[in-house]
Amino acid sequence: MLEISQENRYVSLDRGFAVIKENGTEIGSVPLDDIAVMVLSAQSVTLSKNVLNALAEKGCVTILCGKNYMPLSMVIPEYSHYLFYKILKSQINASLPLKKRIWQQIVIRKIQNQAVALRLCGKKDESVLIDAISKTVDSGDSTNKEGYAAKMYFKYLFGGEFCRDRNEEGINSLLNYGYAVMRAAMARAVSACGLLPALGVHHENNLNQFCLVDDLFEIYRPMVDSVVFQLNLEGAVEVTPDVKKKLAKLLHARVSTSEGKSPAVNSMHYYALSYVKALEYKKPVIELPVWEGDEYGIEILE
């Protein structure tokens, strides 16, 4: 991941590298092939359309942030997938029962991952309580066990006074940043698999072009939460360069897939591809990456 967080930076291209300059002097460069996500959190960054095009050609997603590190927009690659029309048609024609069963699986895994996060944060009794909720989720989560679990989960993790609010500072700003990075990676995977991000499994919002991204991304949120919990214990209350670095490493956190151990950013591709297959074969079975953590917390695959 590449982030431009300092003001008055200029980004240009040079022989396959993104070159960052300040007042005409080069201060760093990164190979385009190494950039999966570029975050523009500074307000005065200058770059050309050529830079955005070159990054898009490499599959990079660019996030433009506003206040409190909230993403205001994303530039995602317009992949020319050879099966785009076929996949789009299967998305449009997906039956409601199929989508309900898939959403059930996503909610179950999200709640299970919340239980993992609590366990890694030393809250074992609370972890058991949350995990029990995952066993009661029905098709389509008609009784909103997701919302019920989330309310309990955040209180257990950050204390009874905590309220998840995207516009608040402190812990919320750390969560915003971590979610933005992981969500952008999920958007990249969704587009790369030929899926239309606006057509969700569960989410429906005329103002949201990334409903499917937000649906699939849900299972990765607890990974961010567990890192933010640890950062907060260490005294972090704002998004500093060190905090950003630690949250960005989550892209390479270890999860398990049918391909074996995989960085989270790679698992997203397998995950999105399994959704394509579920639509194609009209079977409500998707491959959900498994996150278990270990006694050392989150393992990073370099």
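User: Does D141 count as buried or exposed at 7% relative accessibility?

Analyst: D141 counts as buried, because its relative accessibility is 7% (buried is under 20% relative accessible area, exposed over 50%, partly exposed in between; 1.4 Å probe, protein chains only). This is a predicted model, where local features need pLDDT of at least 70, side-chain atom pairs count only at pLDDT 80 or more, and totals for chains, interfaces and linings use all residues. Residues are numbered from 1 along each chain as its sequence is written, and side-chain values use heavy atoms, without hydrogens and water.

User: What is the phi of D141, and where does D141 lie?

Analyst: Most residues other than glycine have a negative phi. D141, not a glycine, has a positive phi of about 50°. D141 sits in the loop between α4 (124-134) and α5 (145-158) (helices are DSSP runs of H or I, at least four residues, numbered from the N terminus).

User: Which phi does K282 have, and is K282 buried or exposed?

Analyst: K282 is also not a glycine, and its phi is positive at about 55°. K282 lies in the segment after α10 (264-281) and is exposed, with a relative accessible area of 65%.

User: At what angle do α6 and α9 pack?

Analyst: Axes are lines fitted to C-alpha atoms over the stretch in contact, and angles run from 0 to 180 degrees between N-to-C directions. Helix α6 (residues 171-192) packs on helix α9 (residues 241-248) at about 45°, with axes 9 Å apart. The two are therefore oblique (under 35 degrees is roughly parallel, over 145 roughly antiparallel, 65 to 115 roughly perpendicular, the rest oblique).

User: Which residues make the contact?

Analyst: L174, Y177 and G178 of α6 meet V243, K244 and L247 of α9 (contact means heavy atoms within 4.5 Å).
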